[in-house]
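Colleague: I am new to this structure and would like a short tour. Could you show it to me first?

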Amino acid sequence: MQRYAAAGEMPVLRYLIAHGVTGVDGCLPALPTNTGSGWATLATGAWSGTSGAMNNTFHTAGTPIGTPTNGFNSLLNGAETLAQAAERQGLTTASVEWPGTLPATSAGPVIDFRTFYSMRGALLKADPPGYDAGVAERQHVSDQRHT
């Protein structure tokens, strides 16, 4: 990515690199690498030991480790989210909901990813190999034809 940023292909990344947002020798992943702990790490920058996210569950401090709670409840996250940190600095935020962001813990709106405000679909010139229009129809995908 640094090569593309230096070439001007990724101006936002270039700006971040220029202002000190880089990792020396790459980055260490959150461990354990699992969905719930990964979502919490991306939202907070904190590893599981801080956020409490173990998987699709959170561990609530003061409870037995074998008593996990719902990992989709953002109120159980033990770390400040990036949206909260941005708002603390006076910035306005909006978040696209993903597991672990509801109820909203920041002032900005959380956009529900489960609700569709437009049609889902594909614009096709020809059917791809193995295409089954029935599958698209069952999944409510708009099959648009372009000639």
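Modeller: One definition to begin with: a residue is called buried under 20% relative accessible area, exposed over 50%, and partly exposed in between. Please keep in mind as well that this is a predicted model.

Colleague: Thank you. How many helices and strands are there in the protein?

Modeller: The protein has six helices and six strands. Along the sequence they follow the pattern α-α-α-α-β-β-α-β-β-β-α-β.

Colleague: And what share of the residues is buried?

Modeller: Of the 147 residues in the protein, 22% are buried. The protein exposes about 10,400 Å², and carbon and sulfur atoms supply 61% of that area.

Colleague: What about contacts between residues 24 or more positions apart?

Modeller: Such pairs account for 25% of the contacts in the protein with a separation of 6 or more.

Colleague: Let us turn to charges. How many salt bridges does a search of the whole structure find?

Modeller: The search finds one salt bridge. It joins Glu80 and Arg88, whose closest N and O atoms are 2.8 Å apart.

Colleague: Which ring has the charged end of Arg3 over it?

Modeller: That is the ring of Tyr4; the charged end of Arg3 sits 4.8 Å from the centre of the ring.

Colleague: While we are on rings, how many aromatic pairs are there?

Modeller: The count comes to zero aromatic pairs, taking ring centres within 6.5 Å as the rule.

Colleague: Is Ser95 buried or exposed?

Modeller: Ser95 is buried, because its relative accessible area is 18%, and buried means under 20%. Ser95 is found in strand β3, residues 95-96.

Colleague: What does Ser95 touch, not counting residues up to four places away in sequence?

Modeller: With those residues left out, Ser95 touches Ala83, Ser106, Pro109, Val110 and Ile111.

Colleague: One last item: where is Val141?

Modeller: Val141 is in strand β6, which spans residues 141-145. At 28% relative accessibility, Val141 counts as partly exposed.

Colleague: How far apart are the C-alpha atoms of Val141 and Gly121?

Modeller: Those C-alpha atoms are separated by 4.7 Å, while Val141 and Gly121 are 20 residues apart along the chain.

Methods:
Residues numbered from 1 in each chain as written. Predicted model: local features only at pLDDT ≥ 70, side-chain atom pairs only at ≥ 80, totals over all residues. Heavy atoms only, no water. Phe/Tyr/Trp six-rings, centres within 6.5 Å; stacked < 30°, edge-to-face > 60°. Lys NZ or Arg CZ within 6 Å of the ring centre and 35° of its normal. Helix = DSSP H or I, 4+ residues; strand = E, 2+ residues; numbered from the N terminus. Buried < 20%, exposed > 50% of the residue type's maximum accessible area, 1.4 Å probe, protein only. Contact = heavy atoms within 4.5 Å. Areas by Shrake-Rupley, 256 points an atom, 1.4 Å probe, with all protein chains shown as cover. Salt bridge = Lys/Arg side-chain N within 4 Å of Asp/Glu carboxyl O.
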